[in-house]
Structure formats: structure tokens, C-alpha cells
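Subject: Structure handover

Hello,

Please find the structure below, followed by notes on what was found in it.

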Amino acid sequence: MNYDYKSKKPGSGYRGMGMRYLWLLLTVFVFGSYACAPSGTMEESASNSTETGVTVTPPSNIKPITEAEPPSPDPRVGLKAGVFDAEDAIWNLEMVSQTPPPEDFIGVTNSDLAFKDNYAIQGNYNGFMVWDISNPASPELVVDFLCPASQSDVSVYGDLLFVSGEGLGGRLDCGTQGVDKTVSDERLRGIRIFDISDIKEPKYVSNVQTCRGSHTHSVLDDPEDDENVYVYVSGSAPVRPEEELPGCSSAMPDEDPNSALFRIEVIKVPLANPEQAEIVNSPRIFENLTEAPRHGMSPADIAKLKKAEEEGAFIAEFWGRKRVISDRFIKPMLQQMVEERGGTGEPTAADSAKLRKELPQMLAERFGGDDDDEPEENRGPNQCHDITLYPAIGLAGGACEGYGLLLDIEDPANPKRVDAVADSNFAYWHSATFNNEGDKVLFTDEWGGGGQPKCREDDPMEWGANAIFTISENNEMNFQSYYKMPAPQTAQENCVAHNGSLIPIPDRDVMVQSWYQGGISIFDWTNPENPVEIAFHDRGPVDSTRMRMGGSWSVYWYNGAIVNSEIARGLDIFKLKPSPYLTENEIEAANTVTFDQLNPQGQPKFEWPATFALARAYVDQLERGQGLSEERISSTRMVLARAEQASGTQRSTLLNTLAEDMEDEASSSDHSEKIGKLADTVRSLASD
């Protein structure tokens, strides 16, 4: 359980001090004469002390999270448009670098990120890129590997790289010429596996074909199995024909028990022989789920649809709703029709009429959802968009069409559903994130599939947002609140909730998250009933006159850097700036958590080494939550500073005494858990 910032303010002054604390002050007095001064004097003398060589500079202006004061008016509103020259707005972050994609990837959607050592691996619908981010101010492109197959989500495990392929044009040989046949033995839809032992020269090892391709995937490292890893595959495309991949069926399970609907795929990868990777289970985790409740269209969407109909736009119904189809889809389709009839030049009225007639089926084939073979009524989800694995607690969060699922993954090959939630405010469940303790989970709503503006001024804040749940001891999810990036965006900016990750701020739930052209938002959801934004970055639209894809696809914290995969603009790297809501000590403590690799969809558990930065971060948080008196906060900072510069017996005496005093304090405080963590940290430092 984390700290409650609304906890009561304790008594101040010396009343209630234990004898050990008085002894501590005496001890400090022996080593330095500042400890017994009144609080204001103590802080001042500590900040400027030269007599002992100890300098303590308390974080300035620490404020409760509930008092966060974002810039006003919000600078994200009204930013100038542009691809590489858009205006931007930033708060409590520093942009370290922004690097455009290489030539073969410009104009093609950048997708997800994975990390290994000093490398960021960035997916792209045309393949993947490897960036050396050793110097975050100047990332170096190591590899741009052409291998089209949207959407190319990436994960790493050791020397293996896994890449998702779903698009109909993906080829087994990574060729760029596409596949123009309905049935082809050249098509790849599933998981590609690369050997990246030499990351500068990835080697294509093998692939595992699946009936619905791989929109996303997650890599599960079973702590009890060091010979294999497991890949959970979420395929959302229509089922491929059996003539192309034997065994594929789109019939209902009661008609064909081997139906590719209503299931996910589990691939087992032998680490010593990854070429032997294969599907070992296709669990049906959606059994007995009925159609989830849906909400209607927003006033802005209704007005937009009516206006588009009047203007003769192309409109089609898929995923259960009428939608205006963007020109970026329509123009290539019309051109294809011209070519198919052997013509040249501009499309004719007959071409347009033919496209209007065939458009629903074409969209269903491309995006799924209206497959004639799928049942239409009272249908629960038949696939997941993605699954976030949290092996440390044996649970996974499945974002599965109209439901958020909680899965037991203790047996990696046999995940089982333990809870499911639906919400009429959610249109399309997407990407779960657990807090570090695993007693909360946050789901996002990718309303509109990422291509729609859902952050306009009159869009409800509950739509296209996050939903935060607590998880009970019997694994039931209980709704607490919504969070949505708060700055209104234009109708030319696709803006809904998307990928993000926790930032390892000790004892707090702080997350950085993508909002497509809504930019990135960092918010604190320690109190699940009241999430609060504490930092952001945003750019103007890619185009001020029409919707063009852009914005943040994924943004993750990795070893002190915040790395952003920008759909159109490349790779951004940020670092946190101290603020009243996130101190330098908290940031320094977060940066002590490092990994050799990171797949955000395989969430790791953070563990903080005992450092003076961690102790100082806890003290800052106790000040923010008024968990100790001002005098106690000030003297504790001074003892820590004195101990950090001391050594041997002097250091251990100072720290052990401080730890004992904090343990006594914890026993009678409303903030016993936080003070206890401070005491444990100090005790560990004393034993170093």
C-alpha cells in the first residue's frame, strides 16, 4: 500500500520525541553544532555550513500532488502545425534530443519500442530500427532493417528479437514487394525471430505463423523455467484461409473446436534452439463473456458525420459504427480501381461508385470486425489487442475488445481468466499497466483505433481515457477513476490513450504515457481516485488542414531516459526535471533502477537499492505528506548529509541512531509505512 497524501498532519515541535531522538540530536551536536537550532535556522545553517564541510540543500517548494499547478493558459492549445517544425510545449521535462527516422522509414508509421543494453529498438511498419542511446543527446542509428509487415511491435529476450507481423503484404523473405495474392505461401503473418547477439547485424532465425497474425505480442519469462520463454500472441486481423495456413478456421467453436476465433496463441521458444519455436496452446480465455456495453457517438462525432455525408465523403460502417474514411485510405483504393480496369489518370465517377459499394468489405478485410463468418449478436470478445504480463505477481492484464481481463499466468502455457470488467465509456480496451505492488491496474481506451480525434474540447473526459482499478486479494478489479490528458486538441490531431510505462519513483505510482498527437503526459495515480498530471510534452498537429498520422505511439522510461517513439517524427528522448511534485532526490532514486533489457509489455518489478538518494526521496515524500514535523525533516536531512560524507564508525553510528529513531517514530505515526521504509533504508546504509 502506498502513501496517502491526505493523511493528517502530525504534531510539530519536540513534543512526542523519544529519548533516542534526543540522543540523536546530541550525537549530531557532537559532530556538528547545527542540529539543535530552531527549524528555520537549522535549514539556513545547514544550507550554508562550511564549519563541518556538510551542505544540505533541501528541495525547494515541495507541494502536495493535489496542489499541482499546471501552466495556465495551457500552452498545448493552439500550437503551430508541422512535421519537423511544429511548435511544442513542455512542462517539468527536458527534451534531450529529437532524431528523425532514416530515409526508408520516413512517412511510414513508427510503432513500439523495446530495449537491450544501451540500445532502443524501434518498430516501424517497414521493419525496425536499432538506436544506440548511450549518449541520449545524440542517438546513433545502428541498424535500419527493412522487413515490412505491420505493425512490427518488438520485444527482446537475451539475444533474441521478436517482431509482430499482421499485414497482408508481409513476406517470409522480408521482401518489400508485398504479396498480391489472396492465398500465398510467401506471406508472413505471425512472429518473426531474429538473433541479435551481434545487434549491428540481426540474423533472421525463424518465424511462427498464426491464423490471425500478430498485432501485438508479449514475452513471458517464467522464473521456474530457464530453458524457454513464452510469447503470448494477440492477433486481431481476420482469419487467414485454410488453403494458406492449414488448420485455420473462422467457424464458431461449437461448429469447429479448432476455430481460430475466441482464443489467443501461446508460443514456446526454446532458448537454445529458437528455430524450434512453436504454438503450444491456444487458450480460450473469453468463454461465457457476452457483448460489452457500448456508448453512442459524441456530439462532435455526430456533427462531423452529418457534415461529411452532406459533402459526399466516403462513409462505411465497421466495428459497429458509421465512420468517415480518411482520404489517405480512399485515394490509394481509387487508384487501385483505375489500375484494375486497365485505365490511367484520375478515377471516374464509376470508380467512386464501385468503391462505395465494396468499401465495407475491403475495410473488414483490412481491419477485421465485420467478418461474415463471425457471429454478430450477443458476442463477447474473440481476440485481445494486447496482454501485459507481470510475472512477479503471476498476473496479466488483457485488453480484449470490450473487456479488460485479469489472467493468472502462474502456468505460462495455460493462462486462465480470473476476472473481467467492461465499461460503457470504453470503446476498445488497450494496454494495461500494473502499479509496482500489483494491487492496482490501469487500462487505456484506444477509442477510434488510434486514428481519431477524441481530445476535442467537447469530447467527454471519460471517453478515450484511462480507467484505474484496484485489485483485491481474490483478484477482483474494482473501478476507481478515469484519467485523460487534459489539454483539448484540434480535430486534426488523432488523440486517445496509448502505450506508457511506470517510472520507478519509489513508493509512488507515476506513469509516462503516449496520447498520439496529444503528446505525452506524466501523471501520479498513487491515489487511484484522483490521478494528477505533473509533466507533459506536446507538439502541434502534423497538418493543420487535415488529419495525418503522427504523435507518440509509445513512450517508456528506461534507465533514466524517457524514450518516445514518434509516429511521424522519429525518436525523442527526454529526462525528468525536478518540480514541487517530483523532487531531484526522487528522480535520482528512480535512476538507480536499471535493467539489461526491457519489454514494457512484460512488466518488471522495481527494486530500489539502499542509497542516500532513496533515503532523501523518502524524506521529501514525508515532507510533502506532512508525515514528520518540520524540525524532524530538517534534522534528518542534516544527519543523512553528515553521514554521507562520513565513513567507518562515524557513519554507522549516525545512521544506526537515525534508523532506531525512525523505527520508534514509525510505531506511533499515521505514516508508519513510509517512515519504516526510511528506517530500513538507513539501516541498510549503516551496514554497508
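**Helix 7 and helix 8**

Helix 7 and helix 8 run roughly antiparallel to each other. The model is a predicted one, and the angle between these two helices comes out at about 175 degrees, with the axes 10 Å apart. Since angles over 145 degrees count as roughly antiparallel, the label follows from that value. Helix 7 covers residues 612-624 and helix 8 covers residues 630-645.

On the helix 7 side, the contact is made by F612, A615, R616, V619, D620, L622 and E623. Helix 8 contributes I633, T636, R637, L640, A643 and E644. By class, the residues of this contact divide into 7 nonpolar, 1 polar and 5 charged.

**The chain as a whole**

The chain contains 10 helices and 32 strands. It has 688 residues, of which 58% count as buried.

**Nonpolar cores**

In soluble globular proteins, nonpolar side chains tend to be buried together. In this model the largest nonpolar core has 55 residues. The residues with the most contacts inside that core are L93, F115, I133, I503, I522, I562 and L576. Apart from this core lies another one of 26 residues, including L245, F262, A292 and L405.

What does I133 touch, leaving out residues up to four places away in sequence? The list is N118, A120, P139, Y558, V563, L571 and I573.

**Disulfides**

The count comes to 4 disulfides. With bonded cysteines counted along the chain, the pattern is 1-2, 3-4, 5-6, 7-8.

*C147 and C174.* The sulfur atoms of C147 and C174 are 2.0 Å apart. The link is left-handed, with -65 degrees about the S-S bond. C147 sits in the loop between strand 6 (140-146) and strand 7 (151-157), while C174 sits in the loop between strand 8 (160-165) and strand 9 (190-195). The two cysteines are 27 residues apart, and the pair links distant parts of the chain. Both C147 and C174 are buried.

*C211 and C248.* Here the sulfur atoms are 2.2 Å apart. The torsion about the S-S bond of C211 and C248 is about -95 degrees, so this disulfide is left-handed. C211 belongs to the loop between strand 10 (203-209) and strand 11 (216-220), and C248 to the loop between strand 12 (228-234) and strand 13 (265-270), so the pair ties together parts that are 37 residues apart in sequence. Are these cysteines buried or exposed? The cut-off for buried is under 20% relative accessible area. C211 has 8% relative accessibility and therefore counts as buried; C248, with a relative accessible area of 5%, is buried.

*C384 and C400.* The sulfur atoms of this pair are 2.1 Å apart. About the S-S bond of C384 and C400 the torsion is about 70 degrees, so the disulfide is right-handed. C384 lies in the loop between helix 5 (349-367) and strand 17 (386-390), and C400 lies in strand 18 (residues 395-400). This pair also links distant parts of the chain, with its cysteines 16 residues apart. Both C384 and C400 are buried.

Regards

Key:
Residues are numbered from 1 along each chain as its sequence is written. This is a predicted model: local features need pLDDT of at least 70, side-chain atom pairs count only at pLDDT 80 or more; totals for chains, interfaces and linings use all residues. Side-chain values use heavy atoms; hydrogens and water are left out. A nonpolar core is a set of buried Ala, Val, Leu, Ile, Met, Phe, Trp, Tyr and Cys residues joined through side-chain atoms within 4.5 Å. Buried means under 20% relative accessible area, exposed over 50%, partly exposed in between (1.4 Å probe, protein chains only). Contact means heavy atoms within 4.5 Å. Axes are lines fitted to C-alpha atoms, for helices over the stretch in contact, and angles run from 0 to 180 degrees between N-to-C directions. Helices (H or I, at least four residues) and strands (E, at least two) are DSSP runs, numbered from the N terminus. Angles under 35 degrees count as roughly parallel, over 145 as roughly antiparallel, 65 to 115 as roughly perpendicular and the rest as oblique. Ala, Val, Leu, Ile, Met, Phe, Trp, Tyr, Cys and Pro count as nonpolar, Asp, Glu, Lys and Arg as charged, and the others, Gly among them, as polar. A disulfide is a pair of cysteine sulfur atoms within 2.5 Å.
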